[in-house]
Amino acid sequence: MRHDIRPNERAYSTKEVAEEVGLATTTVRKYGQILERNGYEFFKDGDRRIFVRSDIEAIIAIRDTENPKDDTAQEVMKKQKERLDSGNETSVTTPDTYDNSLQDPGQLKELLKVLANELAATNEMNTQLRNDVSHLKTAVSQLQQDHHAISSGVGNFSQKTHTNMEKLMEQQKTQYEELLEQEKEKSEFLLEEIRNMREDQNKEWQLQSDFNKRLEENVQKEQKESIEKPKGFWAKLLFLLRN
């Protein structure tokens, strides 16, 4: 256990250390965990770390190192152990003397100030966390609303598109049926015209055939009469007598 605190030595909160070394409070806590993991000891009030000047120097060493932070933490821990073992501190305290030192009004006031700062930092962090959670809930709610709106929009668009496609298909079907009916009527009209033309042609052919037949009969008759008709007076007289 540490016993190297000096009389009236100032104690620092995590927030004050963060401000002094130019780091976030979460980073200071992270570096403190690295130091403790490698055997470094902090003054504690419950689970809270109480920093003194040597602890701030240890945090700075971790901050500025170019080596692996665990290696630097090992070196800092060894220096702390050597310092504690040497017993060369101005005042060495035991658990009893440490507790007695807290009876000093100035030391107690400083410790209460540290605790108050830690409590304020914790409250500030809790407030920030609550705000972040509230913003997150708002963002999630907004995303849900956006998702619902998008889903509704897509559904409406799909339904509208489907309805429009059905209307278009129905219109195309109607137009196709109308065109088909028109073509059918045209075809029937042409067929009727062709039938009429054929009937007229057949009539013409029949009339021509009848005319040719009568003409041929008349020609034949005239030829026959021409052959049978007597020549001369006595022949004509004989012909008349026969008839």
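Reader: Which residues are linked in a network of salt bridges?
Author: E36, K44 and R49 are. A salt bridge here is a side-chain nitrogen of Lys or Arg within 4 Å of a carboxyl oxygen of Asp or Glu. This is a predicted model, where local features need pLDDT of at least 70, side-chain atom pairs count only at pLDDT 80 or more, and totals for chains, interfaces and linings use all residues. Residues are numbered from 1 along each chain as its sequence is written, and side-chain values use heavy atoms, with hydrogens and water left out.

Reader: How far apart are the closest N and O atoms of E36 and K44?
Author: They are 3.1 Å apart.

Reader: How many salt bridges does the count come to?
Author: Eight. One of them joins E20 and R53, at 2.6 Å from N to O. That pair links distant parts of the chain, 33 residues apart. E20 sits in helix α1 (residues 14-21) and R53 in helix α3 (residues 53-64). Helices are DSSP runs of H or I, at least four residues, numbered from the N terminus.

Reader: And what does R63 form with D64?
Author: A salt bridge, with the closest N and O atoms 2.7 Å apart. R63 is partly exposed at 31%, and D64 is partly exposed at 47%.

Reader: Why can such side chains pair?
Author: Opposite charges can pair when the charged atoms come close.

Reader: New topic. How many residues has the largest nonpolar core?
Author: It has 18. A nonpolar core is a set of buried Ala, Val, Leu, Ile, Met, Phe, Trp, Tyr and Cys residues joined through side-chain atoms within 4.5 Å. V17, V21, V28, L35, F51 and I59 have the most contacts inside this core.

Reader: Which helices each supply at least two residues of this core?
Author: α1, α2 (25-37), α3 and α4 (69-86) do.

Reader: What does L35 touch?
Author: Y40, F42, A58, I59, I62, A73 and V76, leaving out residues up to four places away in sequence. Contact means heavy atoms within 4.5 Å.

Reader: Which residues does the second core include?
Author: A11, F43, L111 and V114 are among its seven residues. This core is separate.

Key
Buried means under 20% relative accessible area, exposed over 50%, partly exposed in between (1.4 Å probe, protein chains only).
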